[in-house]
Each structure stands twice: as structure tokens, then as C-alpha cells.
Number of protein chains: 2
Amino acid sequence: DRIDAPYELAYRNNGTSSPARPHTHNALEIYLTMSDLPDVLLDDTVSSVSKGSLIIIPPHHVHQLFNQKLTIYERYVLNINSDWLYTVLGAGSGLMPYADPAFSPAILRLSPTGLTGLCSQLDHYLQLHPQPSLSAYADFFSLLSILDSRIQHGLQASSTGQRSISQSQKNINEVMAFINRHLTEPLTLESIAAEFYLNKDYLGRLFKEHTHATIGHYISVQRANLAQTMLAEGRTVTEVQELLGFSSYAYFFKFFKKMTGISPSQYRKDNTMPLSHSPSP
Amino acid sequence: DRIDAPYELAYRNNGTSSPARPHTHNALEIYLTMSDLPDVLLDDTVSSVSKGSLIIIPPHHVHQLFNQKLTIYERYVLNINSDWLYTVLGAGSGLMPYADPAFSPAILRLSPTGLTGLCSQLDHYLQLHPQPSLSAYADFFSLLSILDSRIQHGLQASSTGQRSISQSQKNINEVMAFINRHLTEPLTLESIAAEFYLNKDYLGRLFKEHTHATIGHYISVQRANLAQTMLAEGRTVTEVQELLGFSSYAYFFKFFKKMTGISPSQYRKDNTMPLSHSPSP
């Protein structure tokens with residue numbers, strides 16, 4: 001998914017009758033969970049996350065936050081377009097390091113006091129600023145500054161003990177880790193089930209239970225991610241097509257366009273660093 | 001001149017032993033003058049400006065602020081890169097309309113109380129934020145919000161009575177207006193002097209007295225400006241070269257590169273709006 005708005009802060013309080021499938025954005029996403037969530041997928045780990053947690057998802061990391069069907073799912077969501085943020089803060093500023101795709105997703109626990117304080121600041125912003133304005137930007141960066149100090153403090157304290165992983169989640173996590181190690185090889189539900197000595201229908205059902213998506217969908221999302229990384233590193237479209245085992249350019253083009261919204265060559269053009277030019281004499 | 005930093009706020013308090021010649025930036029520039037200035041050039045008008053004035057200079061407008069040699073010239077200067085600002089605020093936000101090159105420069109008078117308040121806020125920012133940080137961005141947008149309300153209020157009140165124009169400045173202003181009407185025609189000191197029934201040496205001296213530059217420099221700056229506008233509107237490099245009366249591409253290329261730092265074709269590429277594509281089916 002592409003997000004074009006600079007940033008969006010929202011409070012949501014609704015059931016998830018049809019949850020989003022695991023997906024990625026060109027955005028830093030920060031969730032403040034106000035409900036206990038049984039299945040939170042980040043990269044290759046599904047876990048349950050207790051309410052009052054900050055979930056930090058750097059751009060281009062697969063994720064899905066999911067509550068039981070027809071159960072209230074209360075959270076604050078902040079999306080920040082990473083191109084926008086990069087432009088605003090300038091190259092190499094070192095600010096908000098978790099806005100870099102090289103950063104891993106993190107789950108941080110807030111103290112009850114910290115949680116109450118943060119909620120009231122988020123509510124304050126949402127009430128004051130229904131429309132963009134210069135003072136909205138001022139308050140937005142003030143909010144970012146508060147969030148950032150919480151996050152940096154939480155990361156140093158490594159208070160990441162809030163994910164708990166059930167036995168069936170552990171199985172799924174092993175499957176996802178296997179998939180991520182073998183993205184450039186042929187992968188089918190059958191071959192993965194065989195690898196784990198599992199019945200393929202059982203595996204498919206278990207995977208769907210925790211992610212509301214098929215294994216095939218997860219593989220596609222991660223392959224599209226890998227393709228984007230390879231293109232940004234400067235590999236040619238043909239190289240990437242072959243490395244990822246696509247039998248034809250047309251098939252790879254169609255796949256990439258569907259997953260990212262743009263063509264592989266356009267993505268490469270937009271995301272590769274230009275070769276540095278020697279200064280003109 | 002190209003400005004690459006997002007923004008820069010500075011307090012300066014020094015004589016102008018060698019003033020900058022009339023010039024343009026890709027930046028919105030806002031001055032708060034703390035000294036009386038005898039010669040302030042904006043577009044095609046030189047005037048004196050009393051201290052305690054806000055001078056708003058939209059991107060790509062020729063300007064020069066000049067005090068007597070060896071006299072203290074005290075001012076706050078805020079530069080905001082216009083590409084950066086456009087990205088931050090988003091297209092068509094309507095915020096800070098004077099950041100658009102289509103806006104004319106303006107001089108606003110602050111009340112003594114308003115001046116004191118604004119100075120203390122500028123000083124506060126400068127003391128608190130020697131380095132970029134998220135709270136610096138917060139305070140920067142807060143400062144912009146304050147400045148903006150002052151500017152919008154001042155523009156509505158049309159309190160622009162603070163420029164006073166001497167007789168010799170009036171003569172120079174007529175000359176500049178003439179130049180700007182005839183940028184696509186051959187212009188020389190001789191032909192301009194003849195137009196105004198003036199001795200060319202006298203005209204040259206008078207022009208230099210108020211702008212610290214030659215008429216030739218002023219013509220070049222305005223021709224480069226016009227060339228940029230024409231290229232941004234989509235005219236080809238050859239069309240612009242011919243419209244501006246350059247006898248060869250090589251001569252135009254050299255001129256444009258020297259004035260803007262980049263080649264005409266690169267400028268055109270960076271600044272023309274792409275043709276809108278029909279959405280893919």
C-alpha cells in the first residue's frame with residue numbers, strides 16, 4: 001500500500017469484522033493498543049500483545065494487528081509517510097532511527113501513568129486539529145518529540161516483555177522464519193507442510209487462524225518486499241526477476257505491480273541512489 | 001543561489017562592508033529589521049525601510065537589503081527552502097500563501113509591543129535550539145504559526161506605509177521598471193540612459209549607489225529569473241534562448257549555469273509539471 005498524506009493520527013474503536021491481511025506501507029506506523037490483541041504479526045512473529053503497548057513498525061515491514069471478530073478493538077494509530085519524514089528531517093539527521101526500514105519492529109510497554117499521559121496528549125491533538133494548520137504541525141512535532149523520548153527510553157530499557165507466544169503461534173513463527181530463509185526458492189503449501197511433517201490442510205488452517213491470510217499471501221508480501229530491497233540496491237529488473245524465480249518478465253511485472261502499485265522499473269528509478277558525480281571543474 | 005538546508009534562522013548584527021548584490025533564492029526569506037535601512041531593493045523598487053519592519057520575500061524575487069558601509073546592521077533572518085516547505089505542507093494546503101513565488105514581496109510594520117514579543121520568541125528559539133531535534137521542529141512550526149498570524153493580519157491591514165522613497169530612488173525604480181518591461185529586448189547602459197535622457201555615467205553611479213551593483217548585473221538576474229519561469233512553464237530551452245535574445249545555445253547555457261548553478265535543461269526537468277496521465281485501466 002502507498003500512503004501519500006504526510007501523516008495521519010487516528011483513534012479507532014471498532015470491531016474487526018474483516019481484518020486487513022498482512023501488509024506493508026511506505027510509512028512508519030506507531031500503534032498504541034488499548035485492547036488486548038491475541039494475534040499481532042510483525043515480520044515473522046505472531047504473538048499476543050497486552051493493552052497499553054506501543055507497537056513501532058518501521059516502513060516496509062510486514063504486519064497485521066488483529067483482534068477477535070466482533071470484539072471491540074481500541075487503538076490509536078499514527079502513520080507517517082517515510083519519504084515525507086525523510087525530507088522534513090533531512091538526510092542523516094539521526095532523528096527517529098526507527099523510521100528507517102533497517103530498524104526492526106518493536107513492542108514497548110508503557111507504565112499506567114505513561115499510558116494515561118500519552119492518551120491525553122493524543123486526544124488533545126485530535127480535538128484541537130481536525131484540519132492541517134501551522135499550529136497543527138507545531139503540535140504534531142511536539143507530540144513526536146514526546147513519543148520519541150518514550151520510544152528511545154523504552155528501547156534502551158528493553159522492556160519488550162509484553163509479547164507472549166502460544167504453542168500454535170510458535171509453530172506458525174517457525175514456518176514464517178523458514179519461508180523468509182527460502183524466498184528465492186520454490187515454495188508451496190505442500191513443500192512447507194512436508195518440511196514440518198504437518199498435514200497441509202492443518203497447516204493452512206493454523207496459519208489462517210493467526211494471520212487471517214493464506215501462506216501464499218504471506219509469501220507474496222515477503223517476496224515483493226525482497227524485490228523492492230533488491231531493486232533499491234541497484235539490481236536490474238531482470239536480475240531480480242530471475243533471483244526470485246519468476247519464469248518470465250511479464251509474470252514478475254504483473255506480480256510486482258499488483259503488490260506495490262507501481263512497475264518494477266519505476267520503483268527502481270524512484271528508489272536507487274544516483275551514482276555520485278564528480279564535481280564539475 | 002540555491003539553499004539546501006530546510007530552514008535557517010539567524011540573528012545578525014554586523015556591518016555590511018561588502019553587501020551581497022541583488023540576488024534571488026529558492027527560498028522564502030523573512031527579515032525582521034532592527035536597524036533603519038536606507039536602501040532595500042525588492043523586485044523593481046528601492047526604498048528605505050524603518051527598523052521594526054517585517055520584510056517578506058517570496059522565492060525567486062530579486063532583493064537586496066543594504067545599510068551604509070561600516071554601520072551596524074541588526075536583523076533576524078529566516079530562510080525557508082521552498083521545495084522543503086512545499087513538501088512539508090503538502091500541495092494546495094493554502095497555508096503560507098506568501099511562500100508562493102506568485103506572491104509579491106511585502107513590508108509590514110510591527111507595533112512596538114508586537115516587535116518586542118516577536119524578538120523574544122525568536123531569541124528563545126535561537127537559544128533553545130542550536131541543533132536540529134524534534135522539539136526544535138515543534139518550536140519552529142510554533143514560531144511559523146505566530147509569524148504567519150502577524151503577516152496575515154498585517155497584509156489585511158495593508159500597513160505597508162513603511163517604505164519611503166527618495167527622488168533618486170524614484171529615478172532608479174523607473175529604470176528598473178523599464179528594464180523589467182524590456183527583458184526580451186537588447187538592453188545596454190547606453191540605450192537605457194538615452195531612454196531617460198540621462199548621462200550614462202551618472203545613471204551607472206546612481207544605480208550603484210542604491211544597489212551596490214551594476215545595471216548589467218540587475219538585468220542578468222532578472223533575465224535568469226524570466227528564463228526560469230519560462231522553462232518551468234514548459235517552453236523548450238531553445239525557445240527560451242531565442243525569446244531572451246541569446247545568439248547561441250552555448251552562450252545561453254553558460255549564462256544560465258552561472259546565474260542558477262544548474263543547466264537550463266536540468267532546471268526544466270526539475271521544475272516542469274509532468275503531463276497528467278490518464279489512470280491505468
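Analyst: Happy to! A strand here is a DSSP run of E covering at least two residues, and strands are numbered from the N terminus. With that in hand, let's go to strand β2 of chain A, which spans residues 27-33 and includes Thr33(A). Please keep in mind that this is a predicted model.

What surrounds Thr33(A), once its neighbours within four places in sequence are left aside? Its contacts include a run of residues made up of Ser50(A), Lys51(A), Gly52(A) and Ser53(A), and Ile55(A) is a partner as well. Two further partners, Glu74(A) and Arg75(A), complete the list. Strand β5 covers residues 53-57 of chain A, and two of the contacts of Thr33(A) are with Ser53(A) and Ile55(A). Is Thr33(A) buried or exposed? Its relative accessible area is 0%, and because buried means under 20%, Thr33(A) counts as buried.

His60(A) is partly exposed, with a relative accessibility of 25%. The backbone deserves a glance too: phi of His60(A) is positive, at about 70°, although the residue is not a glycine. In general, most residues other than glycine have a negative phi.

Now for the wider setting. Chain A carries ten helices and nine strands, and 47% of its 281 residues count as buried. Of the contacts between residues at least 6 apart in sequence, 75% link residues at least 24 apart. Along the principal axes, the C-alpha atoms occupy a box of roughly 65 × 55 × 35 Å. Carbon and sulfur atoms make up 52% of an accessible surface of about 13800 Å².

Further along chain A, an unreviewed UniProt entry places the feature "domain: HTH araC/xylS-type" at residues 173-270. That stretch is 73% helix and 0% strand, with its end C-alpha atoms 33 Å apart.

One last stop takes us to chain B, where Met96(B) sits in the loop between α1 (82-89) and β8 (106-109). Met96(B) also has a positive phi without being a glycine, here about 50°. With a relative accessible area of 3%, Met96(B) is buried.

How values were computed. Residues are numbered from 1 along each chain as its sequence is written. Chains are lettered from A and ligands numbered from 1 in the order in which they are written. This is a predicted model: local features need pLDDT of at least 70, side-chain atom pairs count only at pLDDT 80 or more; totals for chains, interfaces and linings use all residues. Side-chain values use heavy atoms; hydrogens and water are left out. Helices (H or I, at least four residues) and strands (E, at least two) are DSSP runs, numbered from the N terminus. Buried means under 20% relative accessible area, exposed over 50%, partly exposed in between (1.4 Å probe, protein chains only). Contact means heavy atoms within 4.5 Å. Accessible areas come from the Shrake-Rupley method with a 1.4 Å probe; for residues, only the protein chains shown count as cover. UniProt positions are given in the numbering used here, feature names are shortened, and annotations may be inferred rather than shown by experiment.
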